[in-house]
Structure formats: structure tokens, C-alpha cells
Amino acid sequence: MRATARLSCPARRDDGGSGRDVSGAPGGGATGLVCPAWGGGMEGDAGPGGARRALGHLVEAVLASRGEANAVFDILAVLQSEDQEEIQEAVHACSRLFGALLARGELFVGPLPSEEMVLTGSRGATRKYKVWMRHRYQSCCNRLGELLAHPSFQVKELALSTLMKFVQLEGEHPLEQPKWESNYLFPHQLFRLVVGGLLSPEEDRSLLLSQFREFLEHDDIRYHTMQAASDTVARATDGRPEVPLAFWNNAFMLLSSVSLPRQEGTLSSFYVKHTELSDKWKVVHLKEHRKAFQQMWLRFLKHQLPLRVCKKVLVIMHDSILPHLAQPSLMIDFLTRAYDIGGAVSLLALNGLFILIHKHNLEYPDFYRKLYGLLDPSVFHVKYRARFFHLADLFLSSSHLPAYLVAAFAKRLARLALTAPPEALLMVLPFICNLLRRHPACRVLMHRPRGPELDADPYDPTEEDPAQSRALESSLWELQALQQHYHPEVSKAASAINQALSVPEVSIAPLLEVTAFEIFERDLKKKGPESVPLEFIPARGLLGRREDLCAQLFTLS
Amino acid sequence: MGKARSAARGRASAAPAGPWGGRARPNPNPFEVKVNRQKFQVLGRKTRHDVGLPGVSRARALQKRTQTLLKEYKERDKSSVFRDKRFGEYNSSISPEEKMMKRFALEQQRQHEKKSIYNLNEDEELTHYGQSLADIEKHNDIVDSDSDAEDQGVLSAELTATHFGGGGGPLPGKAAQQPGGGEEPPKSRRELIEELIARSKQEKRERQAQREDALELTEKLDQDWKEIQALLARKTPKSESGGGKEKPEPDAYDMMVRELGFEMKAQPSNRMKTEEELAREEQARLRRLEAERLRRMLGREEEAHSKRPKHLSADDLNDGFVLDTDGRRLLSYKDGKMNVEEEPSGDASGGETGEEEEEGEGWSEGGPEDSDSPDGHSDLESDAGSEDARGPDSPDGLESDAESEVTSERPQGGQRPSPRERLTRDVRAAARAELPYTFAVPESCEELKSLLLGKSTEDQLLVVERIQKCNHPSLAVGNKAKLEKLFGFLLEYIGDLAASDPPELCVIDKLVVPLYNLCQMFPESASDAVKFVLRDAMHEMEGTVETTGRAAFPGLDVLIYLKIAGMLFPTSDFWHPVITPALLCLSQLLTKCPVQSLQDVVKGLFVCCVFLDYVSLSQRFIPELINFLAGILHMATPNKQSQGYTLVHPFRAHGKNSELLLVSDEEDMATWQRRSLPLQWAGSLKAQSKTEANHTRLSCLAVCLALVRRCVVAYGLLPSFHDITQPLRALLTEYLSARCCPAALQELSRSILTEMESQPRHCRPLVCEKSKPVPLKLFTPRLVKVLEFGRKQGSTKEEQERRRLIHKHKREFKGAVREIRKDNQFLARMRLSEIMERDAERKRKVKQLFNSLATQEGEWKALKRKKFKK
């Protein structure tokens, strides 16, 4: 029997996937599909159509009789091909073949014994066949895992979907013996292979990950992804001093796409179909999901993350991480570490810290002092300006803050406003005025009758401690200077301190996101009451009059 | 209808009842008086109905009703109406005389128609003045109706004699008058009467003739007056054009003579102004404009008095009548030439046009061609105005005027306005024989480019100028829109020139002048065009900023646009529709564009220059500028401790461009000479040798330092000047301490530092303006004028009036209802009495019948009994 003959020497066809036919069917399978083993008359029709048909025949043959089982080698050989289309065909064929085998239960169930042992052993032929086939399945899966790193995206996508199909089928027809009644079984091995393939350290897999995101809709896949991801991260960073940025990016991508359901409820949307769900399974409890989620993030964040990934994590922290953690206070370490880094990262960490302080009773020493330290000129130019000022507004909204602190903040902001662009000024000037409104004790900053005339500003901008900055002794001369600002709206906003401030606060929420371009458009659209005024000094040349700076400092040629 | 009528009647009947019912009646019957006794005396209440005469008023009402309502009631079924069927009785459009004539004609006609065709000897009756002569023969006392009307009550002797003298003999007066004609047979009575009639007729005719004469004379006088009036008031009465009377066409000579005559009399205002006067006027104009500019700079609202009403004469009736201004032009001189066409008539035209035209004068510096075109532009409104004013004057109004304008202007718009000009122009024309003289306005930018490209600068200027002249808005209707578009095209063309390599800045330099002129002509469209290019540039930048957070410096064209915008519009305004967006645009350039090459440095410095020029008058504060200059200085500073200053966005303290301007070659420093930066470099900086590059760096640095100095001077008075310039100060000290720069620059920076230090540090504590104290709440009662007692108070005047009317209406309504009710009662009473009367009559008749029947019966029975007895 041919099948047995070939089955009899499978030791050479290890699961390295280089399963070549011994019986003269040449290894031309690597490049040409036209191998005599597939039948003599098929030499003419090379190409994808022919290949599909040929593979189809093979699959039919294998599925039809166990005697044709050796044809699996041919299919697996095509998987090794270089050609993208051939690989795709082969993947399709494998998917059909092993899908059918899994459904039929023609694969060995239980801990897999080594191939040689079984084949040399004297058990029944069926068992031998099943073990042998299970080994082929194993090698196919391994090959598919490798294909996740294939340069072509179609192949990757196809490999991923095939693997996920196997996961589903294997979940329904587990290849392990259930230890007890209604034991929950999930193909952990296979799934870890998938996640490991997704979290590649070599290249950015964001496209593939976005494909994978649709599987994360299912509760069981999500749960096992969290477990597998934390394992994979642990394994990838284990003992390695330098982890490539691509890995962190992939990991972050995967982790951030895991989102737990907001409201409690039974989790029932399963990828692997079960006839009935048992209450004893961990997968069905949201609590367990939370635990897994927390563990995953903690394991991820305990590493020294690159700054960019750190920023990304902080951006989504308040919205999609903290609410789902079983114990949000565990994030304190990470957040304080980030807050101490300084710059934009600190600004972003503020948001998470705020939630911890506000909702989880975190005691943070010197919080305001650090916040004060965060205020430097770049704060008006960074991307997260709106978020920062939104939070700063929240932090400073308490009326129980000491006056010296608020005064120091107002003075600091006013000082920074001297270097700010108009769109930031339009936001920060009402901000300062709001501070003064909330804290009447600080109104001395804008109204100090009978105060002594001073030689210099008593405020010390270099002092880090707001208590020592002597801001309360100063006045907001900066705003007075900004009344001379070239933009009319800024000038008007700065002039608000000339009169006693009106009682209601100005809401700065609509001002936070204003960009210079919006102001520009607004100014363009505004219609003046009168006709356009014209310059009455006639133009003489491009550089203007002699006393103009342009004429003094530039020449035409 | 009945209601209305009865209401009216009721009112009519009620009205006299008032006085009758009042106390005014002398001695009323005490039994008829009814007194309404008042229980309490209320102070201030007028009592109107305390005494009444109910019986009397009822009787009056009844009487009135019997006179009116009863009559109507009785005639209710009678439909005959009197109708006046005389001809034209109700036609008011026919005059009475005409009516009479027509009536007479009709009557005649009726008489002419034979009553019966068989009546052969029916004669027509002869009449005189509507009276048959036969009648006159019978009654000789007929008086002429005309004379009757006119000399009423004056009876002439003859008339009296004929009337009252009676008798058949001759009149005694007549006989006495004609002593000579003794043997004349005595006139018969008929003759006499005829004579009399003839005489009176003649008199009448004479009188009519006299009246006509008088009329004619008046008319003539009127006409004479009108002519004189026309000359006096320089205004033709409207009746003249309306009245179809023909006037002899005045010939040209007469007209001219008259015109000249009156012109001589007109104000001798436009003598040539002396240099001094011109200078003074110019100064006044500039002062006024400057004041206006200051107002806008401070952002104040337009003061009320700037819109105060026009001067009103004491004699003004305030009826909206305005004496039309004289449309004719007066002889005037300008620049030594007779101003034939365009000048508006002196002071009569508004001050503004005068100024504009002076403005035009201001910039036209020499070229005789120039001196005309601005006048043409600025006179737009005044021309239109004068045309309007002249409208009624000339018989065929606007068209002829426009025509004359066209014909007169065309040669000027073309080539030959005055001999002197022609001379120079001929020379020029000879030089550029190839340029056509007329150009259509290009419809697209490409067209303009094809016109201008490849020509020399001078030629391009000439072409643009000719386009403007040939298509002056006063020449044709669509020209205005065309020229408005020309501004946009020119702007685009300038952008192209600036973007070309190398940028043709000299051409742009010259093209700025026509651009300015066009802008003066069409401010709205010019501002729209500038806004459009700015928006374009910003939009482009915004696209890259949104994705990357930064953008490259835009091309030279955007910078040129910004510079030009600053020249066309006043940059010092607090808010300006073009300048404010332009400022934002500049600010974006300085904050969003990182400096990556020497070219960027040049561009950035140019932007700084433009920015500072924008605020040179208003001295406004630009934070971005300080940041940028600090960044540039940072680039030139060798060893950075980064103490005392922080750089903001486009600059980084450490990076690949952080030493872009650093020059370390001693030799280059020694050979460098300070000069101004060529603007061309912003467009395309060619590859330079190392020394040249170093020199460029040093030049940039010099410019930067100059700008810093300017800032120090400008912002010296700002309250927190030292905080603002603190980074600059730190950088300059560091720069100086490095000692690696040419002596000139060292000197410059040292002087800047000392200047910074010398600025006063005045830190006066801020004090809010005193706001008006909020008045305490007062609890005194509110006083309301009591106008009328009752409930109609405490509201506005309109409300009170409304209430009064409502009240009145209600009362009237009630009165009317009451009257109607009384009418109905009266009618019912009348009807009842009628029925009763009828019934009584019937009863009486029935009784009578019964009586007669009874007697008959009795008689019959008696007869029967008699018979029976027998």
C-alpha cells in the first residue's frame, strides 16, 4: 500500500515543513506545480487555475480515502512555495482539508505522542493514521504561523483567517481529553502561536492587527488574547535588554484594541460555538476579564517603554484603560513615573492622575507644585494644549486653594502669555481672569490701590515653589502689556482687567480647541460697518518708504 | 343699513337733547324736572346727570321719530322716485356752458323732428336765447340773462324806460338826444327793442375782448418772468418742458454768448492756488486723514458728530427741497493748463472729491501722462453727480451728456489731451512704436500674462496704464467690473513674478503703483482679492500644519502679498478686514515654520520686517516676533548654556539647525561688510562658497540685531518690557561673551544691551478703573401723574388713548343699540295702533251690517206677522 509505505518513513518529514515526497515526486513543488505525482495529464495547465484544480483534486483524494493520505505532503509542499498565489491556493486547500478532518474527528485527540514511537509501535492502523495526520496538521499550523510574517499582506491575512478558523474548529472539536464533565477547552497552543505571530518584533503589523480586531469582538477570543498577549510580552522581554520599537508598537496596538464591555452582564458572544455555557467557566465572568486586562497592562507597562509608546498609552489611559481595571490604583506607579519625566509626557500623565486622585482617593504630595513646574513656554505650543488647560482648569477650580497658589499660577500663566501665539492668548487670558474671579483674594493682582511703586516685579519666575514666588505682591503687568497686542480680540480680552471683573465666569471650553486658522477665517468673514479703509500715503515701490524697516534692511537685488 | 341709518339718526336726535336736558334751559317746568340726588359728595367728581327733563326729552324724541321714522315707515312700499333726466345733470366733467349748449342742441333736435309726418305746416319756432321770439313779442320784459348776471341791480335808463315807460311813443331821452333827426319816422317798438338788444350785445362783446386782452397780457408777463427767472435761478421751470409751446431754437452763438455772460458772473473762485496754499491744503488733508487713522487705530467707534446733519439755512422750509446745483462747469485752471473736461465745478462739488483728486496729484510725480489719469478716476462720483444735476437742464438729459463725455474723453484716454503732453508723448510713441494704444481688459490672468510677458518693465507699466485708461469706468458700463477684475489678475501676475526664478522684483516694484491706484478706485474688490490670496496661502499652510504640526516657509510670493497688503491698506487700524487676517498670517509664518536653511532665515527676517512695519505706527506688541528673534540669535550663539531663556515651538535648543548661523572663521569675519540683505535670496539662494555663506550669515545676524534694536525702541514703554526682552538680553550677553563676531556687530549688540538697561523700570501697581457705583435700592414710592380719575391711569400715553377710544366706542355702541331699540318700540307702537284702528273700523262696519240686517230681519218679521195676523 502506497500510503503505508509513505507513512512508514515519515521520520524524515519532520514538521519543519519540508515534507518532500520520497517516491520520486521531485521537490519541484517549490517552484513548479507541475509535478508528475499529481497525475500525468496535468502538465499543460500550469497557473493559478490549474493549481487550484490540482490541489482540489488532491484534497478530494485525501478526504475520500485514507489510502491517499500521502497527498498531504504535496499540499504542504506547495505551502513552502515562493509564489504568492500558489501559497494562497495551498492555504485554501489546507484550510479545506484540515477543516474537514477536524470536523470529522480524524485527528488524534490527547497529548500527542512522538511520531516515530507511534509508527514503530504496534497499535492499530487507525491510531497510527490519526497521529500521523495530527502531526501533519501541526506542521501545517506552524507553517501558517510563519506565513504571518510573509511580505504580502494578502497571504498574511489569509493565514490569519485560516488559523482563526482552525482555532474555532479546534475549540469545537478539542484535541485534548476533557478532564472532567463540561471542562472548558480552548486551543491555547494554537492561539498563542497566532498572537505570537501578531506581535512580531521585526516589523509593524498594524494592518494585520486591525484585521485581528474584528475577532476581538468575541468574548472568548478577547479573554484568551489578553492572556496570550501578556505571556508573549513576558517572553519577548525576558532577559533581553533592548526590545525593538516595532514590538512595542505592535503590542500597544493589540493591547489598545482590547476593549472590555462597559456594563456588567453575561458574556455570551463566543467565537467558538458551545452548545451550552457553564457558569463555572472563567471566560463568562467579566471579573475574570478585568483581571486578565489588568494583568496584561501591568505586565506591559512595567517595562521601560519608549517615549512615544508611553505617550500613546497615556493618551488612552483615562478613557479606555483606567475604567476597566479591577484595581485602578495599581496604575499609580506608572503614572507617577510618567509624571516625573517632564514635558509633554507629564502633561498627559496628568489626566490619569486626575482620575486616580478624584475617584480613587489617591494622595499625591506636591501635586500643585509639580503642576506649577509643568508650566513653561512650550505649553502653548504643544499638541495637547487643549487637554492640559482643560485639566488645569479642573484642578484650579477648587475654591479651597490658598490664594498664594492661585496667584502664583495666574502670574506664571501671564508671564508665559508674553510668548504665546494669539490662539493660545485668546484662551489663556479668560483663564487667568477666571482664576481671579474664583479667588477674590487674588484680585490684588489687578487692583491694588495705594500700593507702593516698585522698582522691579517682586515675582520670582525661577522659583519652583509657588509659595515662595511672591506672586501675591505683584501685579499682572503682563496683561497690561498684552493690551497692546496686535490682534484686536486679544487686546480686548486683556483689557478685561481694566474694569472690575464681572461676576460670572467665562467658559473656556469653546476656546480650548481654537486654532489660528479658525481665527483667521473668522476675521476674514467678519464684515466691517464701513467700507474698507484705504492707505492714504501712496505706494512708491515694493519696499515702501525710506523710513520703513524693509527699505532699510533689504534691497531688491 | 338700517342700523347705520338709525344710529346716525339717533346721534342726530341725541345731540340736541344734551343741551335741552341740561340746566341751561331758562325756566323749566318744575313738574318736569327730575333731580338725581347724590348720596355722598365725592370731591373732584363732575356730576353731569344730576338734573334731567325726561318728559321733555321723550316728547322731543317722539316728535323726531314721527317726523323721520314714521314718514319712512309710511312710504315703505312706495317706490316712485324723482329722477332728474336732464342731459348731463350728474356729469361733473362737462362745464355748465357746454351743458347748456348740449341741452339746447337736444331741444332743437327734438323740435326739428316732426311730431307727425302728416302735419305739413308745422313751423319751427324761432327763439332767441332759448325764448321763442313769439313769446318775446308777447312779453317784452325779458331780460338778457348775461347782463342780468353781470350788472345786477344796475338798471340803465333805457332799460327802465323801455320796461316801465310803456307806451308806444318814442322814448323821451332818445328824442332829446336826436334833435336833428326830427323827420325820421318814429321807431316802432320792435325796432327799439332790437336796437337795445344789439347795443347790449356789443357791450358784452367789448367786455369779452377786454378780458381776453388782459389774459393775454398776463400770460405774456408770465413768460417774460419765466425767462428771467430761468436766468436768475439757473433753473428751467418745469412747465416749460411740459407745456407744448414751442420756443424758437436758440442758435449756438446766442447760447454761447449767454453762457459766457453768466459764467463771468459766477463765483470767481478757481483762481490758481499758490504753492503755499496748495501745501497748506495738502497738510490739512493729511492731518484729517491722520486723525481718522488714529481713530481707527484706537478702535473707537465713529463719533456721532461725524455724521451730523448737513447745514440748514435759516430759510429752509424743511420740505425736502434742495436747490439744484449748477451743473455747468466753470472755467478753471490746474497745473497751468486750462482744465477743459474733468474738473468738477469748484467748491460746489463735495470736499471729498476735491481731496481725492489732490491725492491723485500727490503721487503723480512728473510723467504728464500720470497727471491726468488719477483725475479721471477720482472724478468718477463728481462727474456722475454733475450729470444728475444737469439732467433737467438739458432737454435730452443724460444721454447727450454721456455722449459728450465720451466724445470728449476718448481723445484724452487715447493720446492727445494738450499740446505739451502731446509733444512728450510723441517722443515716447516714437520710441515704442510697436505698442498698441488701446487694450481690452484681459478676461483672465493668462491673458494678462500673455500681454505682459516678454516686455520690458517700462512697457509693462505702459500697458497696464493704457488698459486702465482705455477702460475707464466712465467710458462704458461694464468697465468697472472689468477693472475690478484687473486688480486680481495683476495680483496674481505679481505672485507669478515673485515665484519665478530668479524673482523679478524690479517689475513688481514698479507694478505696485498701478496696483495702488486700482485699489484706490475699487477698495471693496481689491480687499476681496487680497483676502483671497491670503486665504489661499493660509489654507495651504494649514493643510501641512494639521498633519505634521509644522509647515515649510511659503514661497516669496506670499511674503510679497503680505508686504503689498500693508501698502494698500492702513496697517495701524485696530481692526481692519484685510490687515487683521494678514497679521494672523504673519504670526503663523513665525510660529509654525521651522527655520531649516539660510534661505528660511532670510524669509523669516523679511517677515519680521514686514510685521514690524505693520505695527510701526500703532506700536503694537508681537510676542511671536520676540520669540523668533530670540531663536535666530540662539542659532548664532556658539556655546549654549541655555540659561535664562527658553525657546518656543519652531526652534529647538539642540538640534541639527541650532547652529545654523554660527560663524567661526576669523578671516570671514574680518572681510565681512555690513550691507542690506537682497530680497532675492528669499526666493532662491544660490549655492555659495563658504566665505560667501559666512558673509550671508553675518548679514542676517546684522539684520536680526537691527530688528531687535527696533523692538527695544518700540516696546520700551510697555509695562513688563524687561520680562518681555529677558530672553533677548540673556542671548545677547551670551553672544557678546563668546567674542566671536565682527566688531560692528559687537558694537551693535552692546548698544542694544545698554539701551535695554536704560529703559525705565516702572512697576506701578495696577488699579482698576473706578466703575460707577451701583446705586442703593430706594424705597420711596413711585409717583404716577394722575391724569383722570377712575381706572384709566398708570399706563403710557398710547395705552391711555387706546383705552379712551375703546371706552368711547363702547358708549357709542350702547347708545346706538338703545336708539335702535327705541325705534323698534316706536314702530311696534305705530303698527299696533294701525291694527287697532283697522280692527275698530272693521268692528264698526260689521256692527253696521248687523244693524242693517237686524232691521231688515225685523222688518221682514213684522211684515210676516202682519200677514199672519191677516
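Predicted model: local features only at pLDDT ≥ 70, side-chain atom pairs only at ≥ 80, totals over all residues.
Lys563(B) is buried, with a relative accessible area of 5%. Lys563(B) sits in helix H23 of chain B, which covers residues 556-568. Which residues does Lys563(B) touch, leaving aside those up to four places away in sequence? Its neighbours from chain A are Leu542(A), Leu543(A), Gly544(A), Asp548(A) and Cys550(A), while Phe606(B), Val610(B) and Asp613(B) come from chain B. Lys563(B) is counted as buried because its 5% relative accessible area falls under the 20% cut-off.

In total, 76 residues of chain A are in contact with 93 residues of chain B. Between them the two chains bury about 7,500 Å², and 66% of this lies on carbon and sulfur atoms.

Across the interface of chain A and chain B, 17 residue pairs are in polar contact, with both residues at pLDDT 80 or more. Several elements of chain A each supply at least two residues of the side that touches chain B, namely helices H19 (422-438), H20 (477-482), H21 (488-494), H23 (516-525) and H24 (549-553), along with strand E1 (554-555). Which of the elements gives the most to this side of chain A? That is H23(A), with 7 residues. Sorted by type, the residues on the side of chain A that touches chain B comprise 39 nonpolar, 20 polar and 17 charged.

Two strands meet here: E1(A) is joined by 2 bridges to strand E7 of chain B (residues 677-678), and they run parallel. Within this pairing, Thr555(A) stands opposite Pro678(B) in E7(B).

Chain A itself can be described briefly. Its secondary structure consists of 24 helices and 1 strand. Of its 557 residues, 53% are buried. Among contacts in chain A with a separation of 6 or more, 71% are between residues 24 or more positions apart.

How many are found over all chains? The search of the whole structure gives 37, and the count between chain A and chain B is 4. Glu521(A) and Arg535(B) form a salt bridge, with their closest N and O atoms 3.9 Å apart.

The side chains of Glu819(B) and Arg65(B) meet in a salt bridge at 3.0 Å, N to O. Glu819(B) belongs to helix H33 (residues 797-869) and Arg65(B) to helix H2 (residues 54-67), so this pair ties together parts of chain B that are 754 residues apart in sequence. Are these two partners buried or exposed? Glu819(B) is buried, with a relative accessible area of 15%, and Arg65(B) is buried as well, at 8%.

A second pair is Glu755(B) and Arg709(B), whose closest N and O atoms are 3.6 Å apart in their salt bridge. Here Glu755(B) lies in helix H32 (residues 743-758) and Arg709(B) in helix H29 (residues 690-715), and the two are 46 residues apart. Arg709(B) counts as partly exposed, at 31% relative accessibility.

Another salt bridge sits within one helix. Glu799(B) and Arg803(B) form a salt bridge, their closest N and O atoms being 4.0 Å apart. Because Glu799(B) and Arg803(B) are 4 residues apart in helix H33 of chain B, about one helical turn separates them. Both count as partly exposed, Glu799(B) at 29% relative accessibility and Arg803(B) at 31%. Elsewhere, salt bridges that share partners join Lys411(A), Arg415(A), Asp457(A), Glu478(A) and Asp723(B) into one network.

With a relative accessible area of 43%, Asp528(B) is partly exposed. Its C-alpha atom is separated by 8.7 Å from that of Gly488(B), a residue 40 positions away along the chain.

Notes: Residues numbered from 1 in each chain as written. Chains lettered and ligands numbered in written order. Heavy atoms only, no water. Contact = heavy atoms within 4.5 Å. Buried area = accessible area lost by both parts, 1.4 Å probe. Polar contact = N/O pair within 3.5 Å; in protein donor to acceptor, adjacent residues only side chain to side chain. Nonpolar A, V, L, I, M, F, W, Y, C, P; charged D, E, K, R; others polar. Pairing = 2+ DSSP bridges. Buried < 20%, exposed > 50% of the residue type's maximum accessible area, 1.4 Å probe, protein only.
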